[in-house]
Amino acid sequence: MIRFFYRRKPLRMAMLFFFLPGIIFAQTEKSVAPVGRTYAISNATIIQAPGRKIEKGTVIVKDGLITAVSAGATIPPDAVVIKGDSLFVYAGFIDGLSHTGVTKPKEEKDKEKPKDPGNPPADRVGLTPQNDVRDFLNPNDKSVEELRNLGFTVSQVVPYGNFLPGRAAIVLLGGNSPDDMVLVSDAALYSELRGTMGLYPNTVMAVMAKWRELYRNASLSKSYQSLYASNKSASARPANDRVLEAFYPVIDQKLPVLFKSEQVMETQRIFTLKNDLNFQLIIANVKEGWPILNKIKSSGAKTFLSLDLPDEVKKENTKTDQSKKETKTAFDLEREALEKRQKESIGLYTSQAKEFNKAGIVFGFSALSAKTKDISANLRRIIAAGLTEDETLAALTTNPAKLLGLDDRLGTIDNGKIANLVLTDKPYFNEKAKVKYVFVDGTLYETETKAEKKPDAKVVGQGTWNYSAETPDGTVTGKIIIKEEKGSYSGTISNSMNNKTTELKNVSIDKNKLTFSFVYDDNGSSLNVDASLTIDKNSIEGTMTPGGTESFPVKGTRDPKSK
Amino acid sequence: MKKILSIYIASCCALTGVAQDRGNLLIKNGTVLTVTQGTLTETDVLVKDGKIAQIAKNISAPQGTKIIDAKGLFVMPGIIDPHSHIAIDGINEMTSPVTAEVAEGDVINPLQMSIYRALAGGVTAVHAMHGSANAIGGQCETLKLRYGTFDNDAMKMEGAPRTIKFALGENPTRVHGGGSQIVPRTRMGVEFVIRKSFSDAQKYMNDWDAYNKNKLTKGFHGQPPVYNLRMETLAEILKGNIIIHCHSYRADEIFMLMKVCKDFGIKRLVFQHANEGFKVAPEIASFGAMASVFSDWWAYKFEVYYSTAYNAAILTRNGVITSVNSDDAEMMRHLYHEAGKTQKYGGLSDEEALSLITINPAKQLGIDSRTGSLEKGKDADIAIFKNHPLSIYGVPQYTIVDGIVRFDREHDPADMRLLVDPKQNLDDIIPSEKGIDRCMDGTEFLFGLSSEMNTAEKETQLDKK
């Protein structure tokens, strides 16, 4: 325990006593050991678990654990006291799948194409189940702080990649070293039904075929290894194979397989594999589960629903134009009908959590593809669509703790649990609520209260932007030039891949959102690309999506020469 | 395994409620084109639990049975398209010339709009095929067009035999020889690849047989052979458990594959396209192979120039079980016209022409005991036409799968999508599924093409090169 105590190096240290929440913390050097690991949050509204509330209670945190929760808990003399007079305290949230704190391996450029695309090296096609996400963890990655600032304290994280990228770990969103972060190593074998362009397995059907073949070969080699172990002089020594060995604990039903399972067909294909091979299954980042609720329920798979929701449709200018028209054309009517169905469809995605709850499926949430800045708003949309606040809180705390087998240590504010806490100034799901502090493993983090951006500050989109895009074929750079004339926008984009400049289409700037599309021409073949970028004064950030494929990140800054 | 699978399917269906529905129905007073048992006028067809219970005059149905008044209409077996690429996500695993292990059954997509459009053309079942990029492509899946379900398994025609796609000629040589610079580069190479695959599979089977036999001996400590799903699949072909459907055009290569199959004792063989099938029709017939052809589509590449619209008729007259297929989501919607062309070119009878899109494709898929004609006990897969289906004025009115009306021209809503993309750009979604040849999907980048292009654009680009 003492060793544990001194190993800790919290990023922020506090003065011995705090008198008001939100007070600026004095910063000390990182290397200075904390004065104490005992905290008392006094006189706060404590939501111990969904439906369990203590008004004006005190939580005592000591050496990483919650040691007392009650209305009249005695505050130890060495405790750092947080006067929680107006604070709400929740158990730290748990994310079921993301890459939080995981470093993305650098894409090697100009990799030689394998001579036989049907038989490529395993690591070229994501066949690396022996990898361990712990080798890629970085507690200082900004994703850790970003997710923690929303109240998340634990994530089930996986390596980047496709097919079989490696083993997952359940990590704390704090700490100073990768090992500091790890709560459970080897939590699951991670997989995605996604192949590698141009190499085997390329298509989903080949990924599934290869999955079956690997699993069966692993079963065979595992049996043979035990046969060999029983009499080492009678048999040939079994070959080492790290890929197959990674499946052994799965075959033993000791390690679940964690699948990214977003689309409704993807989920069913994963069930096909599960039914063929009979492994324990976690499906995560589920986005379209509601049409197959019964199939999901009967599968017995542990389920994490995506916190990534489709954007709500904004009222478009075309609508007002239409209302001006006296008679609607058939085209207008068709468009209206399509818009109506699209809106209904977005509603289905938003009410998915409610439907799962109604069907009696215990689920958590996952942050994998959700933009951090959208998560709070999306939780409110989920609540507006019918999941109660308590049920939503359960999906963030008690349910995932149970699904991950950690309900003895996580999920509620009770004696003996790991001190993962979220402190907010208003009830969490209130639109105006702010997370003030987060405890992770008994370490206090203040969420930075940045000076709020004034939303009404006029965003200037026109001008020249130097951008770089991380495409699957490598980094592409160039200039985006946006011009404005009488309220309508136009522009051009250049890129380093084909050294061409292309006219932009459908350029629009809505508040700080810049969207446009363009046709990318490469040696005679053309591809439509949609761009969606957020402007922040002199920088832009967002994505570009080539038709029919996955989007890639884009960043840029205003050209200093441009006005 | 099959049993487990069917229990699994049954349990899913019980839960979802939509999948695997079976209907009750009485079709009154139609002209019933049974295809196998003549044409019956003013006749009723009674459907119970998705099966044809009775075909006779003046049938009375239990109260509450849905009745379709078919007076003046033509009632025919649901059309079966033996060569299609709809309702699947992924057509070519083009990374290797042999990919027998991949299966379209794994990537069924029951949400595709092309399924409903096919129903509107009287189609009730399709053979969803792997593409023709590989000498030995993937396993195909026979699907019933039960549009309306989200359940991918519910689309499968339960109990249909396994089938696999082979391909000869320009496509596999272009993709692997031309694209990846590996064997096969020539037609000889294709034959070599197929022969070697079968030989390897024989050795694989022998290795496993030996291992399984030795395993029973006391004190056996041997190592099992490496499990290989590709070889497992090829072995099933050798055992006669998988029907080969081979993309082929030229007479010489059709003849070649029959020789190969004979050498390896393979009997179940269907030639797809077979544009030069008419040149070797007696040979195909004597082998016992079958042919599935286009009515009059050719000249889209060099190996398809020597073609004739009489192909289906010549094959039929030579005793080859012949079908007409679409290979195309658009042509699929008027296969009855395609069949009708064989009356202009070759003078086939009504029954022979209708057989090309009903009982004959059913035979080629090994499902003729279940479907392909209107007979008591068969699945109630039925298309009802206004005007004779072989007439240019024929228009499908109802399409029925397992006794459930899946298309009704009178009640045909404008928007039949089951799942609407919440992020769709409305400007882009109007005609989204072009009637294009998807046979080579996934190989575009080899030729500097974009997967976004339609066939015409691809061809223009290829011509430039």
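Visitor: Which elements of chain B do the buried residues of H9(B) pack against?

Guide: This is a predicted model, in which local features need pLDDT of at least 70, side-chain atom pairs count only at pLDDT 80 or more, and totals for chains, interfaces and linings use all residues. Residues are numbered from 1 along each chain as its sequence is written, while chains are lettered from A and ligands numbered from 1 in the order in which they are written. Helices (H or I, at least four residues) and strands (E, at least two) are DSSP runs, numbered from the N terminus. Two residues are in contact if their C-beta atoms, placed from the backbone, lie within 7 Å. In chain B, the buried residues of H9(B) pack against strands E6 (79-84), E7 (123-128) and E13 (322-324), and against helices H8 (311-317) and H10 (350-355).

Visitor: Why is helix H9 of chain B described as largely enclosed?

Guide: A residue is buried if 20 or more other C-beta atoms lie within 10 Å of its own, exposed if 12 or fewer, and partly exposed in between, with C-beta atoms placed from the backbone. Helix H9 (residues 335-344) of chain B is largely enclosed by the rest of the structure because 7 of its 10 residues are buried. Among them are Leu335(B), Tyr336(B) and Lys341(B). Just after H9(B), Gly346(B) has a positive phi of about 125 degrees.

Visitor: Is Ile493(A) buried or exposed?

Guide: Ile493(A) is buried, with 23 other C-beta atoms within 10 Å. Ile493(A) belongs to strand E19 (residues 488-495) of chain A. Leaving aside neighbours within four places in sequence, the contacts of Ile493(A) include Gly478(A), Leu504(A) and Phe518(A).

Visitor: What does the domain assignment of chain B give?

Guide: Domain bounds come from an automatic or database domain assignment. For chain B, that assignment gives domain 1 (1-78 + 373-410) and domain 2 (79-371 + 436-465). Their C-alpha centres lie 28 Å apart. The contact takes 29 residues from domain 1 of chain B and 32 residues from domain 2 of chain B. On the side of domain 1 that touches domain 2, H1(B) gives the most, with 5 residues.

Visitor: How many residues does the contact take from chain A and from chain B?

Guide: The contact takes 53 residues from chain A and 49 residues from chain B. H4(A) supplies the largest share of the side of chain A that touches chain B, 12 residues.
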